[in-house]
Amino acid sequence: MLPKFASVIAKTREEALSWLSSLENPRIIAGGTDLMVKMRAGKQYNHVIDVAGVPELLTLTETDEGLSLGPAITHARLSISEPIIRNARSLALACGLVGSPQIRNMGTIGGNLANASPAADSIPPLLIHDAVLVLESREARRRVPLEEVIVAPYVTSIDRKELLSSIEINPLRGYREGYRRVAKRATWAISRLGVAFAIREDKGRFADVKLAIGSCTPMPFRPKKVEDLLRGAEKSEVIITEAIRMALEEIKLISGIRPSYAYKLPVLQGILEEVLRG
Amino acid sequence: MFIGQDITRVDALDKVLGTAAFAHDLKKDTMLFACVVRSSRPHAMIRKIDVSAALALDGVVKVLSHKDIPGENLFGAIKKDQPFLAEGRVRYKGEAILVIVGITEEIARTASGLVEIEYEDLEYISDPFLSMRSPILIHDGGNLLSHRKVIKGDAGKGFESSDVIVENTYSTTWIDHAYMETEAGIGYTDERGHIVVASSTQNIHYKMKEIARLLAIPPEQVRVVQATTGGGFGGKLDVTVEGYIALAVYHTKRPVVMRYTREESFLGQTKRHPLYIEYKTGARKDGSLTAVEVNIVGDTGPYISYGETVCLRAAVHATGPYEVPNVLVNSRMFYTNNPVSGAMRGFGVPQLALAHESQLDEIAQRIGMDPLDIRMKNALKRGSLTATSQVLNHSAGLLETLKGIEPFWRARRKQGPGSGFGLGCMYYGIGNTGISNPSSCYLTFTPEGRVEMHSGVCDIGQGSDTVLLQILCDALGMEEMGIDLVRGDTDTSFDAGSTSASRQTYISGMAVCDAAQKMREYLEGQGYYSGKPLKDICREAAEKGLPVFNGHFDPPTTAPDPETSQGAPYATYAFATHMTEVHVDEVTGVCKAVKVHAAHDVGRAINVSNVKGQIYGGVAMGVGLALMEEFIPGKTESFDNYYLPTSMDMPEVEAIVVEDREPTGPFGAKGVGEPALIPQAAAIVNAIKDATGVRMRQLPCDIERLKLALEKNKVK
């Protein structure tokens with residue numbers, strides 16, 4: 001059963017910001033597929049602000065510099081959005097794999113980020129697109145790279161009084177891009193492993209490689225040393241093997257040895273082989 | 001003719017429209033809500049219970065403990081050994097200790113969180129191997145619940161005469177029934193002062209008797225009604241909410257409703273028995289089986305439930321559906337402090353099917369024989385002797401199911417790497433094992449000229465109501481379905497026994513035939529078959545009192561010999577062959593069941609759609625058993641960490657219905673409910689071997705186990 005709580009439905013961004021500044025210990029709900037589960041398990045949030053219907057948070061704009069995503073856009077919408085499929089294929093794929101149809105119809109990209117699960121499907125694709133979050137409060141507005149926002153599993157540096165007002169991403173065109181994930185069943189499952197990748201090749205060389213790995217370390221991460229190694233390198237089994245070795249080493253460096261790695265590391269190795277070989 | 005037709009189910013319209021009243025939907029004015037306070041420890045003495053804070057909460061009506069039970073505080077389907085409410089000691093995490101009754105569900109649940117219980121922990125007997133050597137006794141009589149043997153011929157000599165011997169160990173784990181509807185019900189006192197309980201259940205008369213014992217009142221003063229029930233699979237055979245509801249009604253004199261949350265259902269209710277199976281198979285070069293030796297060790301949890309039943313049924317089915325001249329089976333069931341293991345679709349046989357079907361494939365591989373050919377060579381057929389030396393005199397259609405699969409098996413082609421095909425066969429005794437398990441019913445007329453069937457059979461979604469009506473129509477030779485069904489109520493029906501053991505079509509179907517025979521004779525005398533309208537017959541009869549026709553059937557069985565289990569434990573057996581195509585992703589360890597051909601000898605399909613529905617559902621459950629379902633005591637809490645297959649995990653299923661008619665069954669019918677599940681996990685595991693070369697002997701064969709096995713195989 002849900003504990004008792006008070007809620008307001010914000011109609012505009014302005015209204016959401018003013019509720020955020022005036023209510024004590026506010027909590028934003030944007031779909032509720034995580035928040036409601038926590039509340040049902042006994043978490044008490046006294047003041048809940050629903051931003052799922054705020055028009056400014058539902059827009060998706062495409063400019064020359066990049067894409068700006070409204071954080072209240074649902075996974076379902078992103079998974080079939082034409083500009084997303086064209087500019088950020090891994091994100092469309094990942095959003096199409098979140099939970100179940102019901103969860104995808106309710107859950108939002110902003111909520112997925114703010115929940116900051118190590119297994120969040122949308123985060124690895126956003127990382128390879130160098131996502132920047134626009135965070136606003138009544139008093140201030142700041143732009144922070146996604147990588148800096150997530151500070152620990154389920155912990156972000158977003159202030160209680162701040163509203164995630166948009167997510168800006170760089171399009172990747174001319175890349176072979178995708179998202180591979182592994183789960184315990186065909187759907188409606190939390191990812192055991194997720195890999196977002198975007199690779200541009202040129203005359204037998206890796207012109208550019210972007211990788212992000214989820215569900216493996218406390219926070220989804222980009223193995224940037226591996227990307228550096230591959231950038232400009234000749235595409236060969238030797239370099240691929242070395243790159244994978246480095247990626248696995250980096251994971252062990254981040255997390256130490258975990259029991260789940262007996263499964264995850266060999267699987268990651270296999271997926272990276274497939275991804276890099278193309 | 002109604003038999004063999006796809007008659008629309010009598011419950012279809014209500015369910016499609018959403019008007020069917022499931023137990024969760026039942027309401028009464030002034031009703032109270034009850035919930036259970038459960039043990040947080042697997043094994044402990046209860047030192048102190050402080051309910052003062054709970055009682056102080058506004059809206060709490062009663063807090064009931066074992067001291068408030070006027071009758072016997074023990075229940076059990078086979079033996080009475082499980083307390084409704086713990087007395088001084090708890091033996092599993094989730095065991096019921098108190099019942100709290102409040103004016104709302106929220107108040108009752110809040111109050112249950114305010115109860116403080118002091119425990120003194122005892123050693124947690126966490127598996128049957130610890131149980132067999134621990135000095136800590138879960139019950140005074142020792143930790144061994146049951147030891148059953150099957151001895152036929154001389155297994156030692158059989159192995160001596162074998163050209164090839166294969167010996168392996170298999171294991172399975174706890175499975176939750178995961179019915180869509182959790183346990184729920186409502187109770188009240190009627191104008192006669194009788195206690196009435198309507199619940200989600202598989203057996204009303206059994207529960208009536210348990211409530212009577214609990215409250216120390218005559219069973220005639222208890223009425224149990226089956227609400228529309230959202231699935232059972234064996235989990236609603238044991239008393240669930242019914243005892244607590246009755247107790248709360250008894251003490252409050254008000255209507256009381258109770259419904260388990262999913263978490264509570266996972267925590268408190270029975271599970272499939274985990275079995276450890278050591279299996280040795282001997283065969284000659286030509287593929288004929290010479291001997292089988294099996295050691296089964298099972299974890300029954302702290303209370304019996306259906307532990308003895310599973311112990312025996314697993315033993316007598318241990319060889320699988322094959323002629324084996326020499327058999328030695330030792331089946332032992334131990335108490336532990338894990339969840340109570342109880343009845344679940346197949347009663348231990350799906351676990352054994354994993355073992356005997358894997359063994360047979362290995363024998364075939366060793367002697368270079370085709371898996372289908374070795375099954376055909378050894379298949380039980382009419383005239384064969386089973387492991388208990390029962391002669392199969394009648395319906396025995398295993399060969400026909402194999403032949404039904406044969407064209408697909410011979411034409412199979414692997415779709416690239418990771419693709420594989422596997423077979424699984426099974427036989428399954430219909431009804432309870434070697435004991436009387438009768439069904440009764442009665443028929444009468446309404447003054448308006450309709451036949452009225454009074455049935456105590458619980459339709460739990462499988463369709464027995466429709467099937468029994470079809471049987472009755474044909475038995476009476478009716479041209480249209482002019483029958484009123486009065487069902488699922490101990491006040492208006494006779495005991496039909498439980499909806500379990502795939503027995504209702506066969507046994508209750510025969511009881512209906514028996515009653516119909518008597519009604520038919522009466523109608524004959526009244527001129528119905530010469531054209532006299534039923535309306536007229538009934539109107540005339542109503543003046544003298546409408547006649548009642550009782551029906552009864554108890555399948556002929558013999559009690560198994562206590563030492564060797566030799567005998568005829570079942571009157572008839574169902575047979576099946578499944579063939580499953582899988583695709584294994586060797587990088588991730590993900591196995592997908594792609595396509596299933598499932599051939600079932602059901603004797604006669606009374607309702608073909610119903611039979612196919614059972615097969616599709618059985619395959620889905622088999623996919624779960626094989627690939628993902630695993631309840632881990634102390635860890636699994638809900639569907640968040642218990643993986644049940646979704647529609648996306650379902651293979652395409654082609655059901656093949658084989659009808660080797662059973663002369664002792666209604667119009668030749670046997671049963672299909674459990675058989676539909678039994679061979680599927682085995683077929684999947686055999687297909688994984690075919691696809692990858694890796695033989696998985698532990699279920700579930702989830703992505704992690706499979707990947708680790710694939711890695712190990714690579715190193716080799």
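## A helix pair in chain B

H10(B) passes H17(B) in a right-handed crossing, a crossing being right-handed if the near helix is turned clockwise from the far one by less than a right angle, and left-handed if anticlockwise. Helix H10 of chain B covers residues 349-367 and helix H17 of chain B residues 680-692; their axes come within 8 Å and cross at roughly 35°. Axes are lines fitted to C-alpha atoms, for helices over the stretch in contact, with angles from 0 to 180 degrees between N-to-C directions. Helices are DSSP runs (H or I, at least four residues), numbered from the N terminus.

Among the residues that meet are B:Pro350, B:Leu354 and B:Asp361 in H10(B), and B:Val685 and B:Lys689 in H17(B); contact requires C-beta atoms, placed from the backbone, within 7 Å.

## Model and confidence

This is a predicted model, in which local features need pLDDT of at least 70, side-chain atom pairs count only at pLDDT 80 or more, and totals for chains, interfaces and linings use all residues. Residues are numbered from 1 along each chain as its sequence is written, while chains are lettered from A and ligands numbered from 1 in the order in which they are written.

Chain B has a mean pLDDT of 97, with 100% of its residues at 70 or more; pLDDT is the predictor's confidence in each residue, from 0 to 100. For the complex, the predictor gives an ipTM of 0.94 and a pTM of 0.97.

## Contact between the chains

In chain A, 15 residues are in contact with 18 residues of chain B. Helix H12 of chain A (residues 261-277) supplies the largest share of the chain A side, seven residues.

Notes: Helices (H or I, at least four residues) and strands (E, at least two) are DSSP runs, numbered from the N terminus. Two residues are in contact if their C-beta atoms, placed from the backbone, lie within 7 Å.
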